[in-house]
Amino acid sequence: MSVDVRPATDDDVDAVVDLFRQYLRFYDQEVPDAEARDYLTARRDAGDSLLLVAVLRPEGAEPSGSGAGQEVVGFAQSYPTWSSVSLSRSWVLNDLFVAPAARGTGAARALVQDTCRRAKDAGAIRVSLATAWDNVAAQGLYESEGFVRDQHFHHYAYVTGA
């Protein structure tokens, strides 16, 4: 099997919603289908994020280029932003998830590589991300793709309760 990565289409929404809800459960969040769908499509349609999907393709088969009939096995969502310090574009790879049955196929690596390529093509100077301290598999993937653990800054979050 080969992995193709492409922007999510309307035909992919149901599959991405299912994967997104699994991803959120990994982080102890439970969200109804309708809310997940609304969030993903609103971000994508407003241009706030780039939503990519990974699909498996049998060896030798030609990529179809559309969502119809393809099995979506993973997704990545990135948010283009700006870096004031470098006066440049920057991207945040915020969400990455591959269905458990498709792990080991190269889907996560393909999503990371495609995200980084698209960020570079868009003029971004970096792609940043965060992952759980105990998500060793993800850390290994990111480090093997050239991501470096931040040694200069502590990152903080303030929860507004909104």
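Which residues have the most contacts inside the largest nonpolar core? They are Leu96, Leu111, Val112 and Tyr142, and the core has 23 residues. Before we go on, a word on what you're looking at. This is a predicted model, where local features need pLDDT of at least 70 and side-chain atom pairs count only at pLDDT 80 or more, while totals for chains, interfaces and linings use all residues. Residues are numbered from 1 along each chain as its sequence is written, and side-chain values use heavy atoms, with hydrogens and water left out.

Now, back to that core. A nonpolar core here is a set of buried Ala, Val, Leu, Ile, Met, Phe, Trp, Tyr and Cys residues joined through side-chain atoms within 4.5 Å. Buried means under 20% relative accessible area, exposed means over 50%, and partly exposed is in between (1.4 Å probe, protein chains only). In soluble globular proteins, nonpolar side chains tend to be buried together.

Let's see who contributes. Helices (H or I, at least four residues) and strands (E, at least two) are DSSP runs, numbered from the N terminus. Two or more core residues come from each of strand S2 (50-57), strand S3 (72-83), strand S4 (88-98), helix H3 (107-121), strand S5 (124-128) and helix H4 (136-144). H3 gives the largest share, 5 residues.

Next, follow the strands. The model has an open sheet of 5 strands in the order S1-S2-S3-S4-S5, with mixed pairing. Two strands pair if DSSP finds at least two bridges between them. At the edges you'll find strand S1 (2-7) and S5, each pairing on one side only. On average, neighbouring strands of this sheet are turned by 25 degrees against each other, direction ignored; axes are lines fitted to C-alpha atoms, for helices over the stretch in contact, and angles run from 0 to 180 degrees between N-to-C directions.

Walk across the sheet from S1. S1 and S2 run antiparallel and are joined by 6 bridges. Across from Arg6 you'll see Val53 in S2, and Asp4 stands opposite Val55 in S2. S2 and S3 are antiparallel too, also with 6 bridges, and Leu51 has Gln77 in S3 as its bridge partner. Then S3 pairs with S4 in the antiparallel sense over 10 bridges. These two strands form a hairpin with 4 residues between them, and Leu87 in the turn has a positive phi of about 55 degrees.

How many residues of S2 are buried? The count is 8 of the 8, so S2 is largely enclosed by the rest of the structure. Leu50, Leu52, Ala54 and Leu56 point one way from S2, whereas Leu51, Val53, Val55 and Arg57 point the other way. Arg57 is buried, with a relative accessible area of 17%. Lying across S2 and S3 is helix H2 (residues 33-46), which runs at about 50 degrees to S3.

Another buried arginine is Arg21, at 18% relative accessibility, in helix H1. Apart from neighbours within four places in sequence, Arg21 is in contact with Glu30, Val31, Pro32, Asp33 and Ala36.

On a 1 Å grid over the protein atoms alone, a cavity is a set of points where a 1.4 Å probe fits but cannot get out, and a pocket is an open set with protein on both sides within 12 Å along at least five of seven lines; lining residues have an atom within 4 Å of a point. Grid points are joined across faces, edges and corners, and a volume is the space filled by probe spheres set on the points. The largest pocket holds about 1,900 Å³ of space. It is lined by 48 residues, and Ser128, Leu129, Ala130, Thr131 and Tyr142 lie nearest its centre. S4 gives the largest share of that lining, 8 residues. The largest cavity has about 60 Å³ of space, and among its lining residues are Val13, Leu40 and Leu51.

Conventions: Contact means heavy atoms within 4.5 Å.
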